Each structure stands twice: as structure tokens, then as C-alpha cells.
Amino acid sequence: TSVFAISDESGNLFKIHLGKTIITKKWKFDKKRDFEDLYFKDSTIYVLESNGNIYSLNFSPKGDTIYSRKNVFPNSNKKKNDFESLYYDDHLKTFVMICKNCEGDKRNSVTAWGFDPETGKYTFSLFTIDAAPIARQTGKNKIKLQPSGAAVNPLTKDLWILSAINHLIVVTDD
């Protein structure tokens, strides 16, 4: 069994072999950038950069070389957006990136963007998360939700959202 991981600032992909004496293999796929999350789907590893760019990584047939394609987020050089989570939604057939701190979001909500791996196109506002009900559940007047991770539970299909800054795990069935 093995897992893949990225180094946040180095542009390296690691394959970590669990339970073996060979711990890791390492491939350089880009220069230093702020990489946040990855997802392995259909023989491709998708890596999220904090500004919304998504890198598609594929191995050569021998598995010793990695090829990278950069999918540029709309206006990534003009807007201040911060994404930290990337997951695949089987129902929507798209990747979902939830804003941690995006320029267009209001203080009491966060927006999720979509990325279609087939076309390389981004979709704005797949859904919005209203932080007011979450604040009420935690006994606070208001919070600025800042997701730092998200994943779909494979058994229940619920979406789990981690917000480290808020010390929260939010579970939703929508």
C-alpha cells in the first residue's frame, strides 16, 4: 500500500510506501509555489495551487518520469483568492475547490468553484456555504468560515469540511 503527498512549497510529489523499507519516491513537477492539496483520479494526480491553478500530473509508461499540465484559474494573476481544499464530486462529475479566503466572498459565506477534468474548464459558484447556521451551532454570533480541507466520506457520501482556523469540522449531506 502506498500514498501520494506533496510538499507545500517545493513542487515535489512523493510516493510513500507504507510498511516497506523503501519509504518514498520523489518527482519534481514544478518550481516553488504554494501547493495545498492533491487528488488521485483515473491515473492522474491533480494538485491544487492556493490561487486556484490545478496541475494534472501523469507518469510515463515506465513510471520514472512525471508529466505536468497547468490549468490556469480565471484571473488568477489579478484576484486574491486562497484555496486549500480539492475533492472530486461523483454526482457532479467535477472537482470542487472551496474558497478559504476569496476576494468575491462575503464575510458570512464561502463559495465553491468547480473544475472539469475532461475539459479543463472552471465553473464559478457551484454552491455557497452560509456560515450563519454553523455559527449558531457553535454558540457564536458569527464566524468567518475558512475551509482548509474537504473530502467526501465514501460510506455515507457526506461532505466533511475542516476549518483549522475555526477549530471546526463541518459535516453536510448536501
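Strands are DSSP runs of E with at least two residues, numbered from the N terminus. The structure described here is a predicted model, in which local features need pLDDT of at least 70 and side-chain atom pairs count only at pLDDT 80 or more, while totals for chains, interfaces and linings use all residues. Residues are numbered from 1 along each chain as its sequence is written, and side-chain values use heavy atoms, with hydrogens and water left out.

Pockets were examined on a grid. Rolling a probe the size of a water molecule over the atoms shows where empty space is left. A pocket is an open set of points, on a 1 Å grid over the protein atoms alone, where a 1.4 Å probe fits and protein lies on both sides within 12 Å along at least five of seven lines; lining residues have an atom within 4 Å of a point. Grid points are joined across faces, edges and corners, and the volume is the space filled by probe spheres set on the points.

The largest pocket holds about 460 Å³ of space. Its lining comprises 19 residues, and those nearest the centre are Y87, Y88, D89, V152 and K157. At least two lining residues come from each of β4 (35–41), β8 (81–89) and β12 (149–152), with β8 giving the most, namely four. By class, this lining of the largest pocket contains eleven nonpolar, two polar and six charged residues. Here Ala, Val, Leu, Ile, Met, Phe, Trp, Tyr, Cys and Pro count as nonpolar, Asp, Glu, Lys and Arg as charged, and the others, Gly among them, as polar.

The second largest pocket has a volume of about 190 Å³. Of the 15 residues that line the second largest pocket, G104, D105, T111, W113 and F124 lie nearest its centre. Strands β9 (94–102), β10 (109–115) and β11 (122–130) each supply at least two residues of this lining, and β10 gives the most, with three. The lining of the second largest pocket divides into five nonpolar, six polar and four charged residues.

Aromatic pairs were then considered. Rings of Phe, Tyr and Trp (its six-membered ring) pair if their centres lie within 6.5 Å, and planes under 30 degrees apart count as stacked, over 60 as edge-to-face and the rest as tilted. By this rule, 16 aromatic pairs are counted. In one of them, the ring centres of F73 and Y122 are 5.1 Å apart and the planes stand at 85 degrees, so the pair is edge-to-face. F73 belongs to the loop between β7 (66–71) and β8, and Y122 to strand β11, so the pair ties together parts that are 49 residues apart in sequence. Ring pairs link Y39, Y46, F73, F83, Y88, F95, W113, F115, Y122 and F124 into a cluster.

A charge sits over a ring if NZ of Lys or CZ of Arg is within 6 Å of the ring centre and within 35 degrees of the ring normal. K41 lies over the face of Y88, at 4.4 Å from the ring centre.

Two further strand residues are buried. T94, in strand β9, has a relative accessible area of 8%. Contact means heavy atoms within 4.5 Å; leaving aside residues up to four places away in sequence, T94 touches Y87, Y88, D89, G114, F115, D116, P117 and L126. N81, in strand β8, is buried at 15% relative accessibility. With residues up to four places away in sequence again not counted, N81 touches S50, N51, F73, N101, C102 and E103.

Conventions
Buried < 20%, exposed > 50% of the residue type's maximum accessible area, 1.4 Å probe, protein only.
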